[in-house]
Amino acid sequence: MTITQTATATRRRFGVLAADFAVLGLNYADRAAFGIAGPLIIAEFGFSNAAFGWLASIFALAYSPFGFIGGWLADRFGPRNVMGWAVIAWSAFTALTAAGIGFVSLLVIRFLFGAGEGPQATVTAKLMHNWFPKRELGTALGIANAATPLGGAVATPVVVAIMHATQGNWRLPFLIFGALGVLAAVGWFWVVRDTPEQHPKVNEAELRAIRQDEAETAEAEQEDAPGFWSCVAKPAVWATAIAYFGYAWILWTFVSWFPTYLVQERGIDLDGLAISGAIPWIGGCVGLVAGGVLTDWLVRRIGDPEAPRRWLVIACLAATAVLFALVSMVTSTFAAVAVMTVVVFLLYLTGAQYWIIVGEAVPAARYGAVSGAVQMFATSASIFAPLVTGYLADSSWGWAGVFVVAGGITIIGPVLLVFAGRRS
């Protein structure tokens, strides 16, 4: 391509960031809608908590491996095409959720929906690495991923309002969100390119700003890059993956079950759910942006691109584990929502850091596949957490057991990162 030469740098990377922000927000709105509609779905079909847990978990059975597949495909075919077609796929199955007529049909639809949503996190990580210099990467990933809790925060009152206006019709929100996804995919292909070098509106000054802190060319990295398994075996990679597993366990317990917990255990009605279910998501949105900005500032100040990010994960994930275990022990609904808001805030403070820690440990030529493997392992928690939650909630352990077990699983990751998480 021909790069326009002007004195002032263009800022097309922020347009790419905005497009990614939009599709990630829709991604989580689509995902959160099932949990928000959960109480009505359970009531209509007479599902037990355990049965609904299977429906929540089957999504992740496809989502987890497609995180790896999406990263692998992004390395080979570029993040633009992979994400664009993923948006179309998950939006189609979002809309088809409205066609569910029972357990089996919903099980199949949710599985295919998970396959469509799987690539989004690793493709986002790959795209931001392509478009932003290291000094801005934490902020870029933090802002991009802040769309996910924002999507949940917006979806909660919207889905509740639609169901309320239609006398409990839980199917209509899925049709509306599916149609919005098709429009989002059109915008994505219009705005995004795989790299700044491919974008006709990026000038030489912006390209220099993006690439100035790269020590090697992509070609040299490709030639010198160690094998995939050598990268995965690095302590910083597998310790981060285990910490990310704990993050995902709490996140998916929250996404899949917190609305139902508020209805069943705290007696919240549909109108109350619109507010109580949305507030923790807002905390998460603030946390993701703050985590990215804070760690980028610390990296610039300290000069170490890895340690501030690792220690933020250690401190915040450990605090998250403890607080999450206490959610069911507080006496009022207000306190439960307040504690959960702090939990989600602290959890999402770490949200962008896992990808950057892995990016510091492996060469760019292997980043998509290795980050995909990390995501595939970590998001296996999204298979087990909703399912285990359903069985625990139905058992003598009850909701208290749900939160304590999740906290115990999550604390393992920060401990491992203390001893094995240093870059090597």
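Visitor: Which residues have the most contacts inside the largest nonpolar core?

Guide: M128 and M340. This is a predicted model, and its largest nonpolar core has 119 residues. Helix α12 (residues 235-264) gives the most to this core, with 19 residues.

Visitor: What does M128 touch, leaving out residues up to four places away in sequence?

Guide: V16, L17, D20, L137, A140 and L141.

Visitor: Why is S382 called buried?

Guide: Buried means under 20% relative accessible area. S382 has 0%, so the term applies. Its place is in helix α19 (residues 381-394). S382 touches A56, S57, A60, Y63 and W252, not counting residues up to four places away in sequence.

Visitor: What lies 2.3 Å from a polar atom of the S382 side chain?

Guide: The backbone oxygen of T379.

Visitor: Why does V322 count as partly exposed?

Guide: The class runs between 20% and 50% relative accessible area. V322 has 48% relative accessibility, so V322 counts as partly exposed. V322 is in helix α15 (residues 307-325). It is also part of a nonpolar surface patch, together with L326, M329, V404, I411, I412, V415 and F419. Together they have about 730 Å² of accessible area.

Visitor: Which helix gives the most to that patch?

Guide: Helix α21 (residues 412-420), with 3 residues.

Visitor: What makes R31 and E117 a salt bridge?

Guide: The cut-off is 4 Å, between a side-chain nitrogen of Lys or Arg and a carboxyl oxygen of Asp or Glu. The R31 and E117 side chains meet at 2.8 Å, N to O. The pair links distant parts of the chain: R31 is in helix α1 (residues 12-36), E117 in helix α5 (residues 103-117), 86 residues apart. Both R31 and E117 are buried.

Visitor: How do you know that E204 and R208 form a salt bridge?

Guide: The limit is 4 Å. The closest N and O atoms of E204 and R208 are 3.7 Å apart. Both residues lie in helix α9, 4 residues apart, about one turn of the helix. E204 has a relative accessible area of 31%, so it is partly exposed.

Visitor: How many salt bridges does the structure hold?

Guide: The structure holds 9. R13, E136 and E206 are linked in a network of salt bridges.

Technical notes: Residues numbered from 1 in each chain as written. Predicted model: local features only at pLDDT ≥ 70, side-chain atom pairs only at ≥ 80, totals over all residues. Heavy atoms only, no water. Helix = DSSP H or I, 4+ residues; strand = E, 2+ residues; numbered from the N terminus. Buried < 20%, exposed > 50% of the residue type's maximum accessible area, 1.4 Å probe, protein only. Polar contact = N/O pair within 3.5 Å; in protein donor to acceptor, adjacent residues only side chain to side chain. Contact = heavy atoms within 4.5 Å. Patch = residues over 30% accessible without salt bridge, like charges linked within 9 Å, V, L, I, M, F, W, Y side chains within 5 Å. Areas by Shrake-Rupley, 256 points an atom, 1.4 Å probe, with all protein chains shown as cover. Core = buried A, V, L, I, M, F, W, Y, C linked by side-chain atoms within 4.5 Å.
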